[in-house]
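Biologist: Thanks for sitting down with me. Could you walk me through this model, one question at a time?

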Amino acid sequence: MEALAAQRATTAPPAKEVRQRKGFRDRVSQLMTEEKLSRESALEKVAEELENLAFTDNLTGLPNGLAFDQSPRRAIQVRSDIDGLKYVNDKFGHPSGDVLIKAKAQALKDEGIEAYRAGIAGDEFWAQFDTQEEAEAAMRRVAERLEKAT
């Protein structure tokens with residue numbers, strides 16, 4: 001009897017996985033009920049939502065590191081970060097640092113730059129351009145936009 005209980009304990013999915021599965025099923029049911037979608041259409045929509053979650057940074061709305069890794073490479077890649085972010089986080093708290101990260105992301109978006117929030121540090125951004133001149137001009141405009149905002 002104890003052996004059977006031990007076997008069940010090792011083969012049962014972790015509680016988090018069960019909750020995720022339940023959430024997935026609930027979302028499919030919700031789409032079928034509220035949007036009157038067929039099960040197949042609801043599953044497709046949930047798959048699209050999951051893909052969006054997997055490839056999008058939830059703080060900035062920019063594509064994330066996974067999206068950057070899978071994106072076609074253009075001639076120029078520029079990595080940038082936010083100087084002093086650690087100081088801001090330590091002195092004023094992470095919500096203040098998040099404001100800076102969001103501001104930089106918005107400046108990149110406003111300039112129409114193909115940008116990603118990617119890298120090991122939380123303040124790293126990557127952008128891709130076709131030419132060096134395009135990269136320099138665009139990043140200069142982003143810097144000017146951020147300087148005006150402060």
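Biologist: What is the mean pLDDT of the protein chain?

Modeller: This is a predicted model, where local features need pLDDT of at least 70 and side-chain atom pairs count only at pLDDT 80 or more, while totals for chains, interfaces and linings use all residues. Residues are numbered from 1 along each chain as its sequence is written, and side-chain values use heavy atoms, with hydrogens and water left out. pLDDT is the predictor's confidence in each residue, from 0 to 100. In the protein chain 86% of residues reach 70 or more, and the mean is 87.

Biologist: Where is confidence lowest in the protein chain?

Modeller: Helices (H or I, at least four residues) and strands (E, at least two) are DSSP runs, numbered from the N terminus. Strand β3 (residues 125-129) has the highest mean, 97, and the lowest, 48, belongs to helix α1 (residues 2-11). Over residues 3-9 the pLDDT is below 50, and this stretch has zero contacts (heavy atoms within 4.5 Å) beyond near neighbours in sequence. So the confidence (0 to 100) is lowest in helix α1.

Biologist: Which pattern does the protein chain follow along the sequence?

Modeller: The protein chain has seven helices and three strands. Read along the sequence, they give α-α-α-α-β-α-α-β-β-α.

Biologist: Is K36 buried or exposed?

Modeller: K36 sits in the loop between α2 (15-34) and α3 (39-55), and its phi is near 55°, a positive value in a residue other than glycine. Most residues other than glycine have a negative phi. Buried means under 20% relative accessible area, exposed over 50%, and partly exposed in between (1.4 Å probe, protein chains only). Because its relative accessibility is 70%, K36 counts as exposed.

Biologist: At what angle do the axes of helix α5 and helix α6 cross?

Modeller: L85, V88, N89 and F92 in α5 meet H94, S96, G97, L100 and I101 in α6. Axes are lines fitted to C-alpha atoms, for helices over the stretch in contact, and angles run from 0 to 180 degrees between N-to-C directions. The axes of α5 (residues 85-92) and α6 (residues 94-110) come within 6 Å and cross at roughly 145°.

Biologist: Which residues touch the most other members of the largest nonpolar core?

Modeller: A nonpolar core is a set of buried Ala, Val, Leu, Ile, Met, Phe, Trp, Tyr and Cys residues joined through side-chain atoms within 4.5 Å. Leaving aside neighbours within four places in sequence, I113 is in contact with L108, A127, F129, A138, M139 and V142. Of the 17 residues in the largest core, those touching the most other members are L108, I113, F125 and F129.
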